[in-house]
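Please look through the structure shown here alongside the report that follows.

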Amino acid sequence: MTDLHLPLDRAAGRLSAQIAAGFRAAVRSGRLTAGTRLPSSRDLARDMDVSRGVVVAAYEQLTAEGFLVARRGDGTRIAPLARPDEPPGPASPEPPAAYAADAPQEGAGALTPRPYDLWPGHPDLSSFPRDRWLAAARAALRTLPSDALSYPDPAGVHALRAELAGYLSRVRAAHADPNRLVIMNGVAHGLSALVALLRADGHTTLAVEDPTSVRQLPMLEAGIRVVRVRVDAEGLNVDDLARTGARAVLVTPAHQYPTGVVLSARRRAALIAWARGVHGLIIEDDYDAEFRYDREPVGCLQGVDPDRVVLLGSVSKSLAPALRLGWAVAPPVLAERLRAHRAHTDLGSPVLEQHALAEFIRSGGYDRHLRTMRRRYRARRDALAQAIHEHVPGAMVQGVSAGIHLYVELPPGCDEERVADAAGRAGVAVAGARTMWSPARAGRAAPALVLGYARQSEPRLVKAAELLGQVVAREARG
Ligand SMILES: Cc1ncc(COP(=O)(O)O)c(C=O)c1O
């Protein structure tokens, strides 16, 4: 099953052990989460072109180890794992955080619910504008002709492309019109599709920032060789990029994930000059770009050179990842190829949701929601940054005032993994930054935590920072 991305080296032997190792790594990295149903041994064996006995042996091994649970009539699923080296967190008077099945993203350590869940990458889902979304969905359904319920234009319904073109031009200074826009199932889908097209054009390499979101790496690596390029205080180092020989790069210029820096004006110009010089392509992941608190958001790169940049965005951080609605804004020829790709692979995105989003934008609901969330997130970021400053001496908050996470460098000498583990035991779920760096740089990177603050109230963020401070102080005492 290709989307499980289980590596298999037939020359290396012990295929069942390799499959088991692939599953363990996927669970530890958060790629496969508790409750996920696995394919039957027969289906997986067929997809991986191995005998069924090989898969049965791997499943049995993993079931014995506690990674999987098998129930008659319910198939085989990823078990709700508690890491064996961790005692349970302390009893807390606070209500435990609702724990989404998809919560783990970056590295291990996030499979146990924590009262203070600062795992990054999630918006405040309790603020989803249910009533207004419902009204938009109802309005769309009431007015849609029956013919609209047939297979859609694989590029996306025109009403949504038109609304998004207007919105992205207005808010992100994009060069957008409906012919350049293709609706995708999120940024992740846009990345996979673009990698397929790059490959078809003869690209063998894609440059990616270092550090980066480890969640997206398997999607990219499944299709192309990925090289990592250092990010510093000005963002991606374009001189280093030029030395890789790649002609395509994936960047997060508005708010680099995870360091939180913004690509400087100098680097933006250098990046575009590089793309023109090598006749290459810049893939711009407009990650959490709606949320800039200290100034007006910097316009997207795509608006600067719409022939060399593809802008990818989604509503995953602005509304909810569950909607799986995103977009690519591309040069018209590439947009047409993305449309053809969808026509050949999946026939397009769900129509009712597209019309609901179009209506939500048209009615002003999206702008209103973003204004509310910007205020809310800003207050949360300020509260957490201030509390870190007060309660975790020696820690440094990096990056600009934006987004839904903080990159916090720990005092020099701290062991990041031990701090993250101990924080978890104290009830605060945090992600260490090390796994987001390439292995070559992970050892030299300053110890750091990535803290998502979107889902916690200010008082809870202050409490979480206090607990983190106690953990770091204990670690410093050794
Ligand atoms: C930096 C970054 N970009 C994009 C994505 C994927 O976003 P989407 O939900 O739009 O597919 C993620 C997901 O975690 C991410 O970390």
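One aromatic cluster is formed by F128, W133, Y167, F360 and Y366.

E353 has its place in helix 11, residues 351–362, where helices (H or I, at least four residues) and strands (E, at least two) are DSSP runs numbered from the N terminus. With a relative accessible area of 33%, E353 is partly exposed; buried means under 20% relative accessible area, exposed over 50%, and partly exposed in between, with a 1.4 Å probe and protein chains only.

## How the model is read

The model is predicted, so that local features need pLDDT of at least 70 and side-chain atom pairs count only at pLDDT 80 or more, while totals for chains, interfaces and linings use all residues. Residues are numbered from 1 along each chain as its sequence is written, and side-chain values use heavy atoms, with hydrogens and water left out.

## The surroundings of the ligand

There are 13 residues around the ligand, and V187, D285, S314, S316 and R324 come nearest among them; a residue is near a molecule or strand if one of its heavy atoms lies within 4 Å of it. The shell divides into four nonpolar, six polar and three charged residues, where Ala, Val, Leu, Ile, Met, Phe, Trp, Tyr, Cys and Pro count as nonpolar, Asp, Glu, Lys and Arg as charged, and the others, Gly among them, as polar.

Polar contacts are pairs of N or O atoms within 3.5 Å; within protein, one atom must be able to donate a hydrogen and the other to accept it, and residues adjacent in sequence count only if both atoms are side-chain atoms. In the side chain of S316, an N or O atom is 2.6 Å from an oxygen atom of the ligand, while for S314 a polar side-chain atom lies 2.7 Å from a ligand oxygen, and for S213 the corresponding distance is 3.1 Å. Of the 400 Å² of accessible area that the ligand has on its own, the protein covers 94%, with areas taken from the Shrake-Rupley method with a 1.4 Å probe and, for residues, only the protein chains shown counting as cover.

## Strand 5 and its partners

All six residues of strand 5 (residues 205–210) are buried, so this strand is largely enclosed by the rest of the structure. Two strands pair if DSSP finds at least two bridges between them. Strand 5 pairs in the parallel sense with strand 6 (residues 225–232) over six bridges, and there V208 stands opposite R228. Strand 5 also pairs in the parallel sense with strand 8 (residues 248–251), over two bridges, and A207 stands opposite V249.

## Antiparallel strands

Strand 1 (residues 68–71) and strand 2 (residues 75–78) pair in the antiparallel sense over four bridges, with A70 opposite T76. Their hairpin has three residues between the strands, and in it G73 takes a positive phi near 85 degrees.

Elsewhere, an open sheet of four strands has the order 12-13-16-15, with antiparallel pairing. Its edge strands, each pairing on one side only, are strand 12 (396–398) and strand 15 (431–432). Strand 13 (residues 405–409) and strand 16 (residues 448–452) are joined by five bridges, and L406 has L451 as its bridge partner in strand 16.

## Backbone features in the loops

The peptide bond from D210 to P211 is cis, with omega near 10 degrees, and P211 lies in the loop between strand 5 and helix 7 (217–221). Another cis peptide bond, also with omega near 10 degrees, runs from Y257 to P258, and P258 is placed in the loop between strand 8 and helix 9 (265–277).

Positive phi values occur in residues other than glycine as well. For H279 phi is near 50 degrees; H279 lies in the loop between helix 9 and strand 9 (281–285) and is exposed, with a relative accessible area of 56%. For L347 phi is near 65 degrees; L347 lies in the loop between helix 10 (332–345) and helix 11 and is partly exposed, with a relative accessible area of 43%.

How values were computed
Rings of Phe, Tyr and Trp (its six-membered ring) pair if their centres lie within 6.5 Å; planes under 30 degrees apart count as stacked, over 60 as edge-to-face and the rest as tilted.
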